[in-house]
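Please look over the notes below with the model open beside you. They go point by point.

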Amino acid sequence: MVKLEQNYRSTETILRAANAVIANNRGGIAKRLWSELGQGEQIQLRVLDDEYAEARFVVGEIQRLLDEGASRAEIAVLYRTNALSRALEETLTRADVAYQVIGGAKFFERAEIKDAIAYLSLIANPADIVSFTRVVNSPRRGIGQTSLARVLSHAASLGIPVWEAAAQPEQVPGLGAAAVKALGRFMDTMAELHKLAGITAVGAQTAATDGEPEAAEAGATAATSDAGATAEASDPAARDAGVPVGDLLAAVLSQTGYIEALEAERTIEAQGRIENLEQLVEGGRTFDAQAAEGQDTLAAYLQEIALVADADSRSDEGLVTLMTLHNAKGLEYPTVFIAGCEDGVFPHSRAIEEGGLEEERRLFYVGVTRAMRQLYLTHARRRAVFGAQSYGLRSRFLDEIPADLLEEPLAAAFRPGAPIGAQAGWSVTAGAPTVTARRGSTHRSWGGPSSGDSSALGETREAVSVANHFRLGEDVVHAAFGDGVVTGVEPGGVIVVRFAGDGSERKLMAEYAPVSRR
């Protein structure tokens, strides 16, 4: 047997690191790659505070390399799962660095993300026909194309907004009994979400914004800017009355049954879509925390999303490449970044639980050997996992690389002493909720009983019960806003909290907000 061990792509330093890691696997044929390209540069290892700091570091290094004469086409950023691309994509867009996503859609072009944004767009602008058409039967709720066409035709013939027509399904000519019932349930849910957003004057708003389908051909996301602005203009109190964007997103995904439908699929692909939606919710909560006074509105969020989603990635100087490690096989780049090197992220928690660690190590080996000259490995002290700020250990694969091959600033070295938790290394902040299919249930309980048969009254009582856990004057802490005190408890599971950091007073859905007692 002849072993093909000479590598013509990577430097000796990169190959030594790859050899050291893969040597920990028991299976396979032992082989040791070598190169005649010289030692090359040390591998750059960095620990950052969170996923946003990690993204800023990666983009900052990319900009420095470009300034030094590198081409965008020579740079790749790899990650274990698609959900990790959100912070990177947002940061690249704000830095005006053109990029492409290989083997999948960009974050805001993914179907589940478009669906969630379309729900928000419809809440902000009930006259948005494009958004209504997208979400009315997503997830499937028994409203087919024929029924949808009759609703749209009825709205057009009367000259009324589609929301108004759908809110009275029994008056739509030719609509069957099953479709009437399904559409009624959908509109009841949307009306509840509309109130959560603090937008109550639906009739006045839609009358002012009744648009034609042709005006929204750019898609639900592109139309969100004007839609949100109209919603705020029609109801000046909307911002003060509405819950934060992150909580609203979590409520949308839960109450519409979207997460529940993905859970029911019980596939790896569905789990990936759930992780993408969790990242969207986390992005909404970050927006809530970082937005300036008076700018933390649904309209402002939709405007920001539209700018990121519509960013033009074309460039005459090539594109930075983003992709999962699975899609990187067979490719090579002079400079490679591997982000998210934490236990539970890479190696993935599912692989650790199911005994697939050796396959994860082979995947890490593939990622390392994609680099020709420069390799960056990054990990974060904390990361939003399943909707909560969590603290984790750096990837065990990093500790399998000889120290003399790594360049890591001493001040940044981070080796937490906390033990690896049952969920593969992550210690989730107590009291922080997740995106759930039904209130009070976590989407990770794949084999548990479904609560889909619970009534709306029971769900409302449960939400109120969650809010009643908090008392006036009680000290609380929010994952994004920090320390605060409860100043009010309102019907529908809403608590009012005054935060010490900026003195703001915010209404939160106790069931969805990442808030807990101190």
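1. Start at V485. This residue stands opposite R498 in strand β13. The model is predicted, so read this pairing as part of a prediction. β13 covers residues 494-499. Its partner here is β12, and the two run antiparallel. They are joined by 6 bridges.

2. Now step back to the other partner of β12. Strand β12 spans residues 482-490, and strand β11 spans residues 475-478. The two pair in the antiparallel sense, over 4 bridges. V476 stands opposite G484 in β12. How many residues does the hairpin use to join β11 to β12? The link is made through 3 residues.

3. Stay with β11 and find H478, which lies in this strand. Is H478 buried or exposed? Its relative accessible area is 5%. Buried means under 20%, so H478 is buried. Which residues does H478 touch, leaving aside those up to four places away in sequence? They are F499, L508, A513, P514 and V515. F499 falls at the end of the range given for β13, residues 494-499.

4. Next, the helices. Two packed helices are described by the angle between their axes and the distance between the axes. Take helix α4, residues 111-124, and helix α8, residues 177-196. They pack at an angle of about 75°, with their axes 10 Å apart. Angles from 65 to 115 degrees count as roughly perpendicular, so α4 is roughly perpendicular to α8.

5. What meets what between α4 and α8? From α4 come Y119, L122 and I123. From α8 come F186, M190, L193 and H194. By class, this contact of α4 with α8 has 6 nonpolar residues and 1 polar residue, with no charged residues.

6. α8 also packs with helix α12, residues 245-255. Here the angle is about 170°, and the axes are 10 Å apart. Angles over 145 degrees count as roughly antiparallel, and α8 and α12 are therefore roughly antiparallel to each other.

7. Which residues of α8 meet α12? They are T189, E192, L193 and L196. On the α12 side, the residues are L248, A251, V252 and Q255. By class, the contact of α8 with α12 has 5 nonpolar, 2 polar and 1 charged residues.

Definitions and conventions:
Residues numbered from 1 in each chain as written. Predicted model: local features only at pLDDT ≥ 70, side-chain atom pairs only at ≥ 80, totals over all residues. Heavy atoms only, no water. Pairing = 2+ DSSP bridges. Buried < 20%, exposed > 50% of the residue type's maximum accessible area, 1.4 Å probe, protein only. Contact = heavy atoms within 4.5 Å. Axes fitted to C-alpha atoms, helices over the stretch in contact; angles between N-to-C directions. Parallel < 35°, antiparallel > 145°, perpendicular 65-115°, else oblique. Nonpolar A, V, L, I, M, F, W, Y, C, P; charged D, E, K, R; others polar.
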